[in-house]
Amino acid sequence: DRAFLLLACSMSRERKLSVLLVAFLVLVTLPSAATAKATKWTPDTFHDSLQQKPGTAHLLKLYAPWCGHCKKMAPAFDETAAVLTLKGIQVGKVDCADKTNGGKQFCAGLGVTGFPSVKLFLGDEKNKSIVDFPGKDRSTAAMVAFALGGHERRPRRGYEVVVVEDEKDVGVEDEAAEEKADETGEEDAARNAGTKKKKVSIKLTPKTGFEKVKDVAADIVLDVVAEVFTIAKETPAGGLAIFAAAFFTALFGIVITDSVSERLGVPRRGETWEDVSLRRDWEVARETVLGKKKANGKKTE
């Protein structure tokens, strides 16, 4: 209950109504949904879900059974699944330590370096992207807010699903089936026995060094802004102090920028090169007029 109230306080009026309605449905009218758990996927079943429900967002947690943070986060993630399922978002998890089903390779392909890691898969067949869940706040409110719109300004990365055939499953059985087909003429037996097992992996779209730096900078700015709003809500005095510091820093920056631009003869803030030329002509004309007035004053004396 407290998580939903905190979430509602930080949203617009329309989103407040939406989240409060979801909370009501989960906690009152649909108690069974409130106890629902996130779906446990393998890389293959996750891929199947992406294919069967194109255009549907998928919130995926990548974890390891031995990870203490993952265990601590589990109840909140299950609550998140209960809420987001009602909003049409698929929520599940993949075990990165599951070597049998390819979990380790799957997580490595996604660039996972620590657990837990939460990623939001968006888009349709032509425009796919992944957004990483930011911050250390892994509460239900934070994850629901992220999935319902908090991800919109976050950096994202394109991806494609790659399906490869596992050559290890092709060998003795296939050869035996082919021999049997030659002897009995049963082509179906050979075809079925020769079916190769397929493995699924996610191939991330490469990014340039500049794009990576820009993504890091964007995440830092968004995190700082979120922290400032949090401080402002919890301690008004602290928020006022941050605002005052930011205001005077910006004012100082404007003054310094204009002074440096004036010294270098380049356009000041909001000016064009044409404005600079007109300003220079005006200054020359002004100096000429002042010079004439000064000269006339001396002659009169």
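A residue is called buried when its relative accessible area is under 20%, and exposed when that area is over 50%. Keep in mind throughout that this is a predicted model.

Begin by selecting residues 140–150, which make up helix α7, a helix that is mostly covered, with 9 of its 11 residues buried.

Next, select Cys96 and Cys107, whose sulfur atoms are joined in a disulfide with an S to S distance of 1.9 Å, and the structure holds 1 disulfide. This pair links distant parts of the chain, 11 residues apart, with Cys96 in the loop between β3 (90–95) and α6 (103–109), and Cys107 in helix α6 itself. Looking along the S-S bond, you will find a left-handed link, with -80 degrees about that bond. Cys96 and Cys107 are both buried.

Two further cysteines can be selected now: Cys67 is buried because its relative accessible area is 5%, and Cys70 is buried because its own value is 4%.

Finally, turn to helix α11 (residues 236–264) and select Phe248, which lies in it. Is Phe248 buried or exposed? Its relative accessible area is 54%, which is over 50%, so Phe248 counts as exposed.

Definitions and conventions. Residues are numbered from 1 along each chain as its sequence is written. This is a predicted model: local features need pLDDT of at least 70, side-chain atom pairs count only at pLDDT 80 or more; totals for chains, interfaces and linings use all residues. Side-chain values use heavy atoms; hydrogens and water are left out. Helices (H or I, at least four residues) and strands (E, at least two) are DSSP runs, numbered from the N terminus. Buried means under 20% relative accessible area, exposed over 50%, partly exposed in between (1.4 Å probe, protein chains only). A disulfide is a pair of cysteine sulfur atoms within 2.5 Å.
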